[in-house]
Amino acid sequence: MSKKILVVDDEQSILTLLQYNLEQAGFDVVTALDGEDGLQKGLIENPELMVLDLMLPKMDGIEVCKQLRQQKIMVPILMLTAKDDEFDKVLGLELGADDYMTKPFSPREFVARIKAILRRTQFTSDVEPREIETSEKIIIGDLKILPEHYEAYYGAERLELTPKEFELLVYLAKHKGRVLTRDQLLSAVWNYDFAGDTRIVDVHISHLREKIERNTKKPLYIKTIRGLGYKLEEPKMDE
């Protein structure tokens, strides 16, 4: 079955171009020309991925992204921006987008990015309980991570993570105790060149801390190694 992609952009020419190239690549495409329609389709169409322009009529992409995440819709979101503006990029990521592309870009690059995101976020939702118990799992303190089933728990509570937050957590956990630079994390988790835009890593680390740390000012799990990067370690409860 074809994977469904929702594309929201107010420029009809761009929307038509993106739809054509995605359909040529075998995707089922749903479109919207404004933020309000995009939000409604994001809620009811159950897309595997959403492409969301930053500047939209009726409701901008930032607000659409924010409202989807508030309603626990964790579909991967690729945000498009015509501005090469770090503030817009970082704000979008802070509110729950997983990735971004700056216009103009080639259709080939766009489709390749879509495929890369989907490859990294595929998981099986209809898993039997016994399969979960026997699958690979990572336990660190009160954290339990099931990479194969795209699930993570803090104690008994299932964590609501965006795809990119989950990938970052898994990578940190699989390299427990090792100091990882921001550039290493960009290369491993984002899988392409962000031209040194390491603020993206900091934003996602901040998101993870809000979800797994009791006190984000004194984190027990994800430690900042000044001048180097980050590492995830077993919590020392006496800290």
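Predicted model: local features only at pLDDT ≥ 70, side-chain atom pairs only at ≥ 80, totals over all residues.
Residues are numbered from 1 along each chain as its sequence is written. Local features need pLDDT of at least 70 and side-chain atom pairs count only at pLDDT 80 or more, while totals for chains, interfaces and linings use all residues; side-chain values use heavy atoms, with hydrogens and water left out.

The protein has 239 residues, and its fold contains 9 helices and 12 strands. Helices (H or I, at least four residues) and strands (E, at least two) are DSSP runs, numbered from the N terminus. Of the residues, 50% count as buried, where buried means under 20% relative accessible area, exposed over 50%, and partly exposed in between (1.4 Å probe, protein chains only). The accessible surface comes to about 12,000 Å², and carbon and sulfur atoms account for 47% of that surface. Contact here means heavy atoms within 4.5 Å. Among contacts between residues at least 6 apart in sequence, 56% join residues at least 24 apart.

Two packed helices are described by the angle between their axes and the distance between the axes. Axes are lines fitted to C-alpha atoms, for helices over the stretch in contact, and angles run from 0 to 180 degrees between N-to-C directions. Helix H7 (residues 163-174) packs against helix H9 (residues 199-212) at about 85 degrees, with the axes 10 Å apart. H7 is therefore roughly perpendicular to H9. Angles under 35 degrees count as roughly parallel, over 145 as roughly antiparallel, 65 to 115 as roughly perpendicular and the rest as oblique. On the H7 side the contact with H9 uses Lys164, Glu165, Leu168, Leu169 and Leu172; H9 supplies His204, Ile205, His207, Leu208 and Lys211.

H7 also packs against helix H8 (residues 182-190), at an angle of about 120 degrees and with the axes 10 Å apart. H7 and H8 are therefore oblique to each other. In this pair, Lys164, Glu167, Leu168, Tyr171 and Leu172 of H7 meet Leu185, Ala188, Val189 and Trp190 of H8.

Is Arg214 buried or exposed? Arg214 has a relative accessible area of 64%, so this residue is exposed. Not counting residues up to four places away in sequence, Arg214 touches Asp142 and Tyr154.

Conventions: Areas by Shrake-Rupley, 256 points an atom, 1.4 Å probe, with all protein chains shown as cover.
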